[in-house]
Amino acid sequence: MEKLFLYNTLTRKKEQFKPLKDKTVSLYACGPTVYNYAHLGNLRTYIFEDILKRALLYNGYLVKHVMNITDVGHLTSDADSGEDKMEKGARREKKSVWEIAEFYTKEFKNNLKDLNILAPKVWCKATDYIKEQIDFIKVLEKKGLTYQTSDGVYFNAKKFPDYAQLAGLNLSGQKAGARVEVNAEKKNPFDFALWKFSPQDKKRQMEWPSPWGKGFPGWHLECSAMSIAKLGKEFDIHCGGIDHVSIHHTNERAQNWGLTGKETVKFWLHDEFLIVDSGRMGKSEGNFITLQTAIDKRFNPLAYRYLCLQTHYRQKLIFSWDALQAAQNALNNLYEVMAEYDQPKIGCAQYEADFLKAINDDLNLPKALAVVWDLIKDDTMPSAARKQTLLKFDSVLGLNLVKVKKPKIPSEIIKLAQERLNLRNRREWRKADEVRKKIEASGYFIDDTKEGFIIKVKK
Ligand code: AMP
Ligand code: ZN
C-alpha cells in the first residue's frame, strides 16, 4: 500500500501520516466567522480540507471531522483589538448578532453542499462552549500563565518556550506592532487575550459572567476549547488557511501546551490563498466574490471545485472569470466522456496506482487530474473499465461523476447503427452512408470505434 505523506507546517517537512489511534483520524478545521457570506477564498480552504478528508477515506481510514462556527469573539484585527466582527455585522444589517449568525451559518452550509463538500461529523458553535472556555482559562491561570489588564485576561506568550515554532517567528527581531497591534498594558507584544471585558460605555449583545468580569472569550481560545472537548488532548490534524499560521494557530498551540503540557496536534496543515488582481481575496479587503455570484453567471459550482483541484493547495491560486470558464469547459468535457462510457466493470490497475501515488504525495491533485485525462485518452482501455476507474477517482475528486447518465438511445436508432456497421463490414459504403444520414436526421450521430460504434446525441 502506498504510504500517505502530508506537509506538516510545524516541522516544515512532508511526513508520513499515521493516525494516533487505530484507523480513525481526528480532524479539526477552523470554520467560518458568520458575519457575512463566505467568499471564494474561504471556500478554497474548505475544498482543500474536503480533499484531505476524502484522501484519508480513500486510504481506508475513518475520519472524525469537527468544524466550529465562530459566532463571537473574532475581532476586526486578528490580534485582540478592534470591534467584534459579529457585532459589527449585526449593526450593518440592523439585526441581532444571533440572527446574522443563524443566517450566514445556513448560507455557508448551502455553499458546502453546492461544492459537494462532505459535511463534518460534528459542528460546534463558540457560544455553546463558554463554560469550557472559562474552565480552560482557570487552568492556565492556576499554572501562572495568565495576567489581567484593564480590558481582559491575557496569555503570557513568553512562558511557552516553543511559541515561535509553528510560524517560524523571530521574536527578538520583531517589533511590537509589526505582527500585532500595540497595547501598552500587554507585557509582551505576542501576548493575546483569553477573555475580553465588555466595554464600560457600550452594551454588547453577547456577553457572559466570568470570575474575572463580564465579557466574552478570545477567538483563539474557542478553537482550543472546542477541539479538545471534541477530539481529546491529543489529536491528528488541525487545518485552516495560511493566514492562521502566525497568530490564530500559534496562539491555539500555546494555549494547548498550557493546558496539557504536550503537543496536542500532530499535523498542522494549511492551504495558500486565493488571490485576485488586487491581492488576497478577503472579507475586509472588499474584493470578494461569493459562490452565488458565480452561480448567477451560470457556472456550475463544481467548476470552481475543479479550478481548485488544478492548483496544488500549497500554491497561490489566481482567480479570474476566464480561468473559471476554462475549468467549466474541462468539467463539461469530463461529463461528456462519462456519459458515453459503458456500464462500469473491472478498473484500470496501473492508472489507479498512479492516482493513489499522486494523492498520497501531499495531495497532488494537479497530478491526479493529469492521470484522469491520460486514462481518458488511452483508447487501449475498454470504456467500461475507464468508467469504473473514474468513478473510483471521483470519491476523492468529488465532481459528481456518478450522477452523469448515459443518454437513452431509442432501439430503432441502435438497430440502424448496427445495420450500418454490417453494411460497412460488407464494404457497401453507399448504402451505409444512407443509413448514417437517416440516423443523423433523427438527431443522433455515430462515432466509429475499434469496438464498433458509439451513438451520440447531436447538440
Ligand atoms: P474566516 O471566516 O475569516 O474565519 O475564514 C475562514 C477560512 O478561510 C479560514 O481557514 C481562513 O484561513 C480562510 N481564508 C480566508 N481568506 C482566504 C483566501 N483568500 N484564500 C484561501 N483561504 C482563505
Ligand atoms: Zn480556529
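This passage describes the overall build of a predicted model, the surroundings of its ligand, and a set of individual residues.

The protein contains 14 helices and 16 strands. Its C-alpha trace spans about 95 × 50 × 35 Å along the principal axes. Of the 459 residues, 54% are buried.

Ligand 1 sits in the second largest pocket. A shell of 19 residues surrounds the ligand. Gly 41, Thr 45, Asp 243, Leu 274 and Met 281 are the closest of these. By class, the shell comprises 10 polar, 5 nonpolar and 4 charged residues. Two secondary-structure elements, helix α1 (40-58) and strand β10 (235-241), each contribute at least two shell residues. Helix α1 gives the largest share, with 4 residues.

Polar atoms of the protein approach ligand 1 at several points. The side chain of Thr 45 places an N or O atom 2.7 Å from a nitrogen atom of the ligand. At Thr 33, a backbone N or O atom lies 3.0 Å from a ligand oxygen atom. At Gly 241, a polar backbone atom is 3.1 Å from an oxygen atom of ligand 1. Taken alone, the ligand exposes 500 Å², and the protein buries 97% of that area.

Phe 235 lies in strand β10. Phe 235 has a relative accessible area of 0% and is therefore buried. In sequence, Phe 235 and Pro 19 are 216 residues apart. In space, their C-alpha atoms are 8.5 Å apart. Asn 59 belongs to the loop between α1 and β4. Its relative accessible area is 9%, so Asn 59 counts as buried. A polar atom of the Asn 59 side chain lies 2.8 Å from the backbone oxygen of Ala 55.

Strand β4 spans residues 62-69 and includes His 65. His 65 is buried because its relative accessibility is 3%. The side chain of His 65 forms a polar contact of 3.1 Å with the side chain of Lys 53.

A buried loop residue is found elsewhere in the chain. Leu 166 is placed in the loop between β7 (152-155) and β8 (192-197). With a relative accessibility of 1%, Leu 166 falls under the 20% limit and so counts as buried. Leu 166 and His 249 are 83 residues apart along the chain. Their C-alpha atoms are separated by 8.0 Å.

Helix α8 covers residues 301-309 and is mostly covered, with 9 of its 9 residues buried. The buried residues are Pro 301, Leu 302, Ala 303, Tyr 304, Arg 305, Tyr 306, Leu 307, Cys 308 and Leu 309. The N-terminal end of α8 is capped by Asn 300. A side-chain oxygen of Asn 300 lies 2.9 Å from the backbone nitrogen of Leu 302.

Backbone geometry also calls for comment. Most residues other than glycine have a negative phi. Lys 94 has a positive phi, near 50 degrees, and is not a glycine. Lys 94 occupies the loop between α2 (85-93) and α3 (97-114). Its relative accessible area is 76%, so Lys 94 is exposed. Asn 400 also has a positive phi, of about 65 degrees, although Asn 400 is not a glycine. Asn 400 lies in the loop between α12 (383-397) and α13 (411-425).

Note on methods: Residues numbered from 1 in each chain as written. Chains lettered and ligands numbered in written order. Predicted model: local features only at pLDDT ≥ 70, side-chain atom pairs only at ≥ 80, totals over all residues. Heavy atoms only, no water. Near = heavy atom within 4 Å. Polar contact = N/O pair within 3.5 Å; in protein donor to acceptor, adjacent residues only side chain to side chain. Areas by Shrake-Rupley, 256 points an atom, 1.4 Å probe, with all protein chains shown as cover. 1 Å grid on protein atoms, 1.4 Å probe; cavity = no way out; pocket = protein on both sides within 12 Å on 5 of 7 lines; lining within 4 Å. Sits in = over half its atoms within 2 Å of the grid points. Nonpolar A, V, L, I, M, F, W, Y, C, P; charged D, E, K, R; others polar. Buried < 20%, exposed > 50% of the residue type's maximum accessible area, 1.4 Å probe, protein only.
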